[in-house]
Amino acid sequence: MGKFIYEGGVKTEFEDRALTHLQLVMTAKLRRGEPFGFTWREDQSVGGGRTTVWVHAGSSLVFKFSGSRHPAINRDWIEALAFTASAPGGLYLVPEPQRTASVERVDVPAHV
């Protein structure tokens, strides 16, 4: 399980594969200067509910992965996540769709 940390305080866990896909969508939006909301459901161990953060160019984001291997990227999942990020409700994790296109291995630089 990897961790997404926002502004040094708000933290949540995602599987490394999902976190990689979220990272790719978030960094693409921020490179284009597009702020967005990001919402996730909290685990029952921390009280449940949901959390939303406003992500913008000045946000401090940390993507902490538990594993060292880079997962294969599912472009269909990237597109599905990007669609939610551009909608009024903002980005949220959607289930990974079946792969209709070829899966690619994309190396994410260690400094990202």
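**Starting at a helix cap**

Select Asn74 together with Asp76: Asn74 caps the N-terminal end of helix 2, with a side-chain oxygen 2.9 Å from the backbone nitrogen of Asp76. Helices here are DSSP runs of H or I with at least four residues, strands are runs of E with at least two, and both are numbered from the N terminus. This is a predicted model, in which local features need pLDDT of at least 70 and side-chain atom pairs count only at pLDDT 80 or more, while totals for chains, interfaces and linings use all residues. Residues are numbered from 1 along each chain as its sequence is written, and side-chain values use heavy atoms, with hydrogens and water left out.

**Along helix 2**

Colour Asp76, Trp77, Ile78, Leu81, Thr84 and Ala85, which are buried (under 20% relative accessible area, with a 1.4 Å probe and protein chains only). Then show helix 1 (16-31), strand 3 (36-41), strand 6 (72-73) and strand 7 (91-92), against which the buried residues of helix 2 pack.

**The aromatic cluster**

Next, select Phe4, Phe14, Phe38, Trp40 and Phe63, which form one aromatic cluster. The structure holds 5 aromatic pairs, where rings of Phe, Tyr and Trp (its six-membered ring) pair if their centres lie within 6.5 Å, and planes under 30 degrees apart count as stacked, over 60 as edge-to-face and the rest as tilted. Among them is the edge-to-face pair of Phe4 and Trp40, at 5.8 Å centre to centre and 75° between the planes. This pair links distant parts of the chain, since Phe4 lies in strand 1 (residues 2-6) and Trp40 in strand 3, 36 residues apart. Both Phe4 and Trp40 are buried.

Now turn to Phe4 and Phe63, whose ring centres are 5.6 Å apart and whose planes stand at 55°, so the pair is tilted. Here too distant parts of the chain are linked, with Phe63 in strand 5 (residues 61-64), 59 residues from Phe4. Phe4 and Phe63 are both buried.

**The whole chain**

Finally, return to a cartoon of the whole protein, whose 2 helices and 8 strands follow the pattern β-β-α-β-β-β-β-α-β-β along the sequence. Of its 112 residues, 38% count as buried.

How values were computed. Buried < 20%, exposed > 50% of the residue type's maximum accessible area, 1.4 Å probe, protein only. Contact = heavy atoms within 4.5 Å. Polar contact = N/O pair within 3.5 Å; in protein donor to acceptor, adjacent residues only side chain to side chain.
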